[in-house]
Amino acid sequence: MKRVLCLYPFAAETQADLRRISPDLDIIFAGSDEQTSVDALEDPELDALLANFAPLDMRRLPRLSWLGIIGAGVDHIRRGDPWKYGVTVTSGSGLHGTAIAEYTLAQMLYFSQRAAERQRAHTERDWPRPWTPPWLGLLATSLRGRTIT
C-alpha cells in the first residue's frame with residue numbers, strides 16, 4: 001500500500017472521493033501547506049506528498065517518490081532539490097487552461113456582439129426606428145473569417 005500525505009484543505013466530500021480512487025492508496029489529509037510544516041515532516045513510510053512546498057531536508061522522507069504541486073511553477077522548491085533524490089515532481093501547469101480558454105472566448109463574444117448594449121436596449125424596449133446612427137452601433141462586429149489563437 002502506498003502512503004500519501006495531502007496537505008491541501010480539500011472538503012470532506014472531496015477527500016472521500018479521493019480515497020475511493022484505489023484501495024492501494026492510504027491517503028492522509030493532515031497538516032498545513034506551509035514551508036515550515038513540510039520541513040517538519042519526518043516519515044520513513046511516506047511515498048507521496050501533495051503540497052506546494054518541498055522539504056529542505058529530503059532525508060527525513062527517505063521513501064518519497066512523488067511530490068505533487070497544485071501550482072504551475074516549481075522554482076520555489078529548487079532549494080530542497082527533490083530531483084537530486086529521485087523524486088518525481090508534477091505541477092498543476094495547464095490545470096485551468098480550459099476554463100481560461102472558455103472565459104476568453106465568452107468575453108470575445110460578449111464584447112464583439114455588444115451584449116451589454118443589446119441587453120439594455122431589450123430591457124428598455126428601446127429599439128431604433130429606422131436603423132440609423134447611433135443605433136447602428138448596436139450591430140455586432142462579426143468574428144466570421146477571423147482566427148482565434
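Analyst: In this predicted model, a residue is called buried when its relative accessible area is under 20%, exposed when the value is over 50%, and partly exposed in between.

User: Why is S112 called buried?

Analyst: The relative accessible area of S112 is 11%. This value is under the limit of 20%, so S112 counts as buried. The residue belongs to helix 3, which covers residues 97–112.

User: What does the side chain of S112 reach, and how do you know that this is a polar contact?

Analyst: The side chain of S112 reaches the backbone oxygen of L109 at 3.5 Å. A polar contact requires a pair of N or O atoms within 3.5 Å, so the pair from S112 to L109 qualifies.

User: What makes the span of helix 3 close to the expected one?

Analyst: Helix 3 has 16 residues, and its first and last C-alpha atoms lie 22 Å apart. At 1.5 Å a residue, the expected span is also 22 Å. Just after helix 3, R114 takes a positive phi of about 50°.

User: How is the protein as a whole arranged along its sequence?

Analyst: The protein contains 4 helices and 5 strands, and their order along the sequence is β-α-β-α-β-β-β-α-α. It has 149 residues, of which 26% count as buried. The accessible surface comes to about 10,300 Å², with 56% belonging to carbon and sulfur atoms.

User: Why are Y8 and F10 placed in separate classes of accessibility?

Analyst: Y8 has a relative accessibility of 10% and so counts as buried.

User: What makes F10 and F29 an edge-to-face pair?

Analyst: Their ring centres are 6.5 Å apart and their planes stand at 80°, so the pair is edge-to-face. The pair links distant parts of the chain: F10 is in the loop between strand 1 (2–6) and helix 1 (12–19), whereas F29 is in strand 2 (residues 25–29), 19 residues apart. F29 counts as buried, because its relative accessibility is 17%. Y8, F10 and F29 together form one aromatic cluster.

User: Which residues have the most contacts inside the largest nonpolar core?

Analyst: That core has 16 residues, and L49, L64 and L67 have the most contacts inside it. Apart from it lies another core, of 7 residues, among them V4, Y8, I27 and L50. Not counting residues up to four places away in sequence, L67 touches partners including L49, A51, F53, I77 and T88.

User: Where is T88, and why is it called partly exposed?

Analyst: T88 lies in strand 5. At 45% relative accessibility, T88 counts as partly exposed, because 45% falls between the limits of 20% and 50%. T88 touches S65, W66 and L67, not counting residues up to four places away in sequence. T88 and A48 are 40 residues apart in sequence, and their C-alpha atoms lie 9.4 Å apart in space.

User: Which classes of accessibility apply to D81 and R125, and why?

Analyst: D81 has a relative accessibility of 29% and therefore counts as partly exposed. R125, at 75%, is over the limit of 50% and so counts as exposed. D81 is in the loop between strand 4 (66–68) and strand 5 (88–90), and R125 is in the segment after helix 4 (115–123). D81 has a positive phi of about 45° although it is not a glycine. R125, which is not a glycine, has a positive phi of about 50°.

Key
Residues are numbered from 1 along each chain as its sequence is written. This is a predicted model: local features need pLDDT of at least 70, side-chain atom pairs count only at pLDDT 80 or more; totals for chains, interfaces and linings use all residues. Side-chain values use heavy atoms; hydrogens and water are left out. Helices (H or I, at least four residues) and strands (E, at least two) are DSSP runs, numbered from the N terminus. Buried means under 20% relative accessible area, exposed over 50%, partly exposed in between (1.4 Å probe, protein chains only). A polar contact is a pair of N or O atoms within 3.5 Å; within protein, one must be able to donate a hydrogen and the other to accept it, and residues adjacent in sequence count only if both atoms are side-chain atoms. Rings of Phe, Tyr and Trp (its six-membered ring) pair if their centres lie within 6.5 Å; planes under 30 degrees apart count as stacked, over 60 as edge-to-face and the rest as tilted. Accessible areas come from the Shrake-Rupley method with a 1.4 Å probe; for residues, only the protein chains shown count as cover. A nonpolar core is a set of buried Ala, Val, Leu, Ile, Met, Phe, Trp, Tyr and Cys residues joined through side-chain atoms within 4.5 Å. Contact means heavy atoms within 4.5 Å. The expected span of a helix is 1.5 Å times one less than its number of residues.
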